[in-house]
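Morning, everyone. Please have a look at the model on the screen before I start.

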There are 2 protein chains.
Amino acid sequence: MKNKVEPRILAGFMELLPDEQILFNKYLQIIRETYEEFGFVPLESPMVEYSDVLLAKIGEDTKKEIYRFNRGEDDLSLRFDLTVPLARFVAMNAQRLNFPFRRYQVGKVFRGERPQKGRFREFYQCDIDVIGNGKLGLINDAEIPAVIYRLFSKLNFGDFVIRISNRKVLTGLVESFGYKDKTDDVLRIVDKLEKIGKDSVVEELVKVGLDLGGANKVIDFVKIFGTNTEIVDQLRKMGISNESFEQGVNELEEVIKRAYEFGVPEKNLKLDLAIARGLSYYTGTVYETVLLDERISGSVCSGGRYDDLAESYTDVSYPGVGISIGLSRLFSQLLASGIIATESNTPAKVMVITLDDDLKFALEVANELRTNGIKTEVYIEDDKFKKKLSYANKVGVPFVAIIGEDEIKLKKVTLKNMKTGEQEMMSVEEVIKKLK
Amino acid sequence: MKNKVEPRILAGFMELLPDEQILFNKYLQIIRETYEEFGFVPLESPMVEYSDVLLAKIGEDTKKEIYRFNRGEDDLSLRFDLTVPLARFVAMNAQRLNFPFRRYQVGKVFRGERPQKGRFREFYQCDIDVIGNGKLGLINDAEIPAVIYRLFSKLNFGDFVIRISNRKVLTGLVESFGYKDKTDDVLRIVDKLEKIGKDSVVEELVKVGLDLGGANKVIDFVKIFGTNTEIVDQLRKMGISNESFEQGVNELEEVIKRAYEFGVPEKNLKLDLAIARGLSYYTGTVYETVLLDERISGSVCSGGRYDDLAESYTDVSYPGVGISIGLSRLFSQLLASGIIATESNTPAKVMVITLDDDLKFALEVANELRTNGIKTEVYIEDDKFKKKLSYANKVGVPFVAIIGEDEIKLKKVTLKNMKTGEQEMMSVEEVIKKLK
């Protein structure tokens, strides 16, 4: 090989093989459909935006991760999430939208993190948000777990729990200790509890200014244990007189009660005061969803309530509540751990193969099957029958419809189940009935 | 507004409003499904690649259009089509693929053209290609029109014609005139016939070295008129003794004959010798698809046969045949001309609205409808009934299910058709039957 360029892709940019991509698309489809089942509206923002628009509110840490470049006189960036484009979209198009505006977006985002196992630089986010114009009822916070519940039931990745809390509770507690200016720090640090452990959290809390007693109280607090009702009861009994705390407890109780009405089973919704979410962006209800299978670490679906979506762009207040699924990472963990497995290298349900090169009847059969919603590949290359069958085997198509002289005469096909090896001659109508 | 960033997007980067996006997604879905119906396998390449990989074979004109930037020590580019990534993918993964490799990819590509009406800088391409390892039978060239035919029938954009030719025919003709070194130039110029007209084409042909007689002969040739059979007959009768010419005519005749076998009606497949495709990349069959509606200009689906897909990356030859649809531009033309129209601002088929704030039964109904595949939004905000109904009206949901005291008692809903205004109280089972 001379004068050839080595074909390669960037680290952290996922590219799947056919069987993997087919499986990935199945999940994408379930996600899109479930979001639409609840009346969320699709939105698709550009991949590239003006940097001043996209990075209006971004922190210094995230800034380093942005794919940013100049073109002509324009300073451009690849989108790093789907929330900022939503904020920009709402601010731009508010008069043409109906509020509450329920939108979903499923698409790739870009973050130039240092590549590590299971982390991607280009990855899918699958978001829903409900945006109010000026106000948005707490009932919306209760619908979100219903969407998550329905979605993860359908995705069938095993048992899962939606952890729920409300940032006002912990904020209020910290305020009641007299650390009103430390609430953001405390929530950011508590968020790391599962990752870095109790001792490190205490250490960090002390470092930002809490005394040791206060730090330990915070830890004891977020570890309060019991059923959802028991935790709420305990919180009330603490007799903490702080407005934020009381409002947080009330909201939490109400959201959980209403979520049950939405059909979320009690076992799938767990009040957990340690859920803080790192982002100061969130102002009330927060969610994290975990799979009970230990091989999948961390939250697979997180989000919460925020007061002001589009404050970078407008003085109008757009409160909202939403969640996001980082699908690329989740998919790659599920696949690597064997919780999910690929099935086939083709979307086709059946492959029509002929004994000789007369394709006429085979093509009629294929068109008939397609018209009846059955994905049908025809092996059209003029190869030996054995080679055709071996191809069908290798791509893993579930059924093969064999057509030889007899079949053409009888206007039938021999349908072979590639898993069991069973085969039977039947009419096209019978094939349709069997495969539908 | 102070300290606010003006929310705006880049020119040429399409962002649709909800009703438009819903319609756009409907077409995307039809395209994906139709490609899969023929057994094409989904592929999704990264948006960003190494510039040396992506731009290995690119011309100087296109180079200016590339979104190219550095990150760290990496020279990166946004993909400008889906064919180069396919070539790179095949070269990288050949041992893990089954040939013929039938892949489709639907995704955005980026070209920084000067923005003009109907042109986008970020736009969707929807491609299929069949790739052989070393060889690929001509029969594949006949299946492509079958896919186009089925797809555009389903898309329902009105009557269309797939124009077909074979570059070898015109190449052979030009060779027979003694202009063997001018064939690429001639094809590139002839490709512009519809755009710039006969006189300008003659002028350009003379400019690259043809004599006036030769140039006029080329024009007469590509204007040969008749049924497909008549044109083939005329070509044969010309008695041009040139290998490329003869092979081209034979291939063209064979591909058209077989395409009919694949179910393409004669009226939808038209031999047109003026179809040359600008790219020297194509080596045999070429396709362009036009809508008969005059408001849609140019080819909406083009492609052809090529000898060597991955020559930039490997010495192994991968011949292929494929097509591409530039969906963003087509969609925007169809919408602007009124050939297609948006229908609704929500994917929901029905919206459940309650007379008071008791949502319990409404949520049960919604879950039942969703379980039966009916997309159902519940108006959950605690607003006045009139406001709820007005929202339903504005988003354009086809049906509203009204729930008041009577309905709760009777375990029924009042289903209102928002178009006709008709309404009737019925059980949830009856709603399901009606809306499915």
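Some ground rules. This is a predicted model, where local features need pLDDT of at least 70, side-chain atom pairs count only at pLDDT 80 or more, and totals for chains, interfaces and linings use all residues. Residues are numbered from 1 along each chain as its sequence is written, and chains are lettered from A and ligands numbered from 1, in the order in which they are written.

Start with the copies. Now the interface. 100% of chain A's interface residues are also interface residues in chain B, so the copies meet through the same surface.

Next, the sheet. Helices (H or I, at least four residues) and strands (E, at least two) are DSSP runs, numbered from the N terminus. Strands pair if DSSP finds at least two bridges between them. In chain B, eight strands form an open sheet with mixed pairing, in the order β1-β5-β6-β11-β10-β9-β7-β8. Its edge strands are β1 (41–42) and β8 (269–271) of chain B, each pairing on one side only. β1(B) runs parallel to β5(B), residues 101–110, over two bridges. Within that pair, Val41(B) has Arg103(B) as its bridge partner.

Over to chain A for a hairpin. Strands β15(A) (413–417) and β16(A) (423–426) are antiparallel and joined by four bridges. Lys416(A) has Gln423(A) as its bridge partner. Five residues sit between the strands, and Gly421(A) takes a positive phi near 85°.

Last, helix α10(B), residues 212–222. Its buried residues are Gly214(B), Ala215(B), Val218(B), Phe221(B) and Val222(B). They cover an arc of only 120° around the axis, which puts them on the same side of α10(B). That arc is taken from the directions from the helix axis to the C-beta atoms. Buried means 20 or more other C-beta atoms within 10 Å of a residue's own, exposed means 12 or fewer, and partly exposed lies in between, with C-beta atoms placed from the backbone. The face turned away from the buried side carries the exposed residues Leu212(B), Gly213(B) and Asp220(B).

Technical notes:
Contact = placed C-beta atoms within 7 Å.
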